[in-house]
Amino acid sequence: MSAGADLWPVFEEPPSAAFIDVDGTLLAETTTYLFARILMRRGLLRRSTLLRALYHGLQHRFGRLDYGSLIKVGLKHITAIPMVDLERIAYENFADYVKPRLYPGVVDHFNALRQRGTPLVLVSSSPGFVIEPLRIYLGCVEALTTKVVVNRGRLVGVGGGPPCYGEGKLFWAEEWAARNELPMDRAAAYADNWSDRALLQRVDRAVVVHPGKRLLRMAHDLGWDVVRPSRPARG
């Protein structure tokens, strides 16, 4: 059943799992950019790094981002900050900047899915500590994110496996589904970007949010749900 332009979809049978992209899907911002901005405001990150993040955000929008290189460069700028401080700032970033920007209906829609027994799984290219507050808020069982390595309370680099971006999102989603013995062909996926198409094509029910032209064309061809929630006013 297709959703209306402003409505989140309705499921006759609850999906085996719901894999949910974050940036552009749950909110019209990039969580890592918001996090970098709060670091800059506190004197922990240079403005040039934030501008670079904006540039890479545009590359992501057009599906041309080399995320593996980006995350390696980005982590270098915060290795001196204790992990406990990064985690605390991530919660403050969520409360002040991420939560107010969630699309209308996000919380109610995923609460309803969760109450019907569908495990919710965030799938994001951002490091896990940036996404963790959102995972808790939405009641997700797990957040599949780009792996990082922590040593002696500080970030030291990128972990094993592919970055959780593009084909990497499908890799980690399939790994999680196999580990939890849940069928991918009965799952749902929510995403907004052309780079997410591998995951969207793998599941039974694909939902695209404010898609660009190429993804919208694919959604129409394959009968996917298209949702265009209104954007919250920026405070």
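**Strand pairing and charged side chains**

Reply: Leu155, in strand E5, is the bridge partner of Val150. The model examined here is a predicted one. The bridge belongs to a pairing of strand E4 (residues 148–151) with strand E5 (residues 154–158), which is antiparallel and extends over four bridges. Two residues lie between the strands of this hairpin, and Arg152 takes a positive phi near 55° there.

Parallel pairing is found around strand E6 (residues 188–191). Strand E1 (residues 18–20) pairs with E6 in the parallel sense over three bridges, and Tyr190 of E6 is the bridge partner of Ile20. E6 pairs with strand E7 (residues 205–209) as well, in the parallel sense and over four bridges; here Ala188 stands opposite Arg205 of E7. Both faces of E6 are covered: Ala188 and Tyr190 are buried on one side, and Ala189 and Ala191 are buried on the other.

We may now turn to the charged side chains. The count of salt bridges comes to 11. One of them joins Arg42 to Glu92, at 2.6 Å from N to O. This pair links distant parts of the chain, as Arg42 lies in the loop between helix H1 (31–41) and helix H2 (47–61), while Glu92 lies in helix H4 (residues 83–98), 50 residues apart. Arg42 is partly exposed, at 40% relative accessibility, and Glu92 is partly exposed with a relative accessible area of 26%.

Glu92 forms a salt bridge with Arg88 too, the closest N and O atoms being 3.5 Å apart. Because Arg88 and Glu92 are four residues apart in helix H4, about one helical turn separates them. Arg88 is partly exposed, with a relative accessible area of 41%.

A further salt bridge joins Lys169 and Asp196, whose closest N and O atoms are 2.9 Å apart. Lys169 belongs to helix H7 (residues 167–179) and Asp196 to the loop between E6 and H8, so the pair ties together parts that are 27 residues apart in sequence. Buried means under 20% relative accessible area; Lys169, at 4% relative accessibility, therefore counts as buried, and Asp196, with 2%, is buried too. Elsewhere, salt bridges with shared partners join Arg42, Asp85, Arg88 and Glu92 into one network.

Finally, Arg197, Lys213, Arg214 and Arg217 gather in a patch of positive charge on the surface. Helix H9 (residues 213–222) gives the most to this positive patch, with three residues, whereas Arg197 has its place in helix H8 (residues 197–202).

Terms used. Residues numbered from 1 in each chain as written. Predicted model: local features only at pLDDT ≥ 70, side-chain atom pairs only at ≥ 80, totals over all residues. Heavy atoms only, no water. Pairing = 2+ DSSP bridges. Patch = residues over 30% accessible without salt bridge, like charges linked within 9 Å, V, L, I, M, F, W, Y side chains within 5 Å. Areas by Shrake-Rupley, 256 points an atom, 1.4 Å probe, with all protein chains shown as cover. Salt bridge = Lys/Arg side-chain N within 4 Å of Asp/Glu carboxyl O. Lys, Arg positive; Asp, Glu negative; His and termini not counted. Charge placed at Lys NZ, Arg CZ, Asp CG, Glu CD. Buried < 20%, exposed > 50% of the residue type's maximum accessible area, 1.4 Å probe, protein only.
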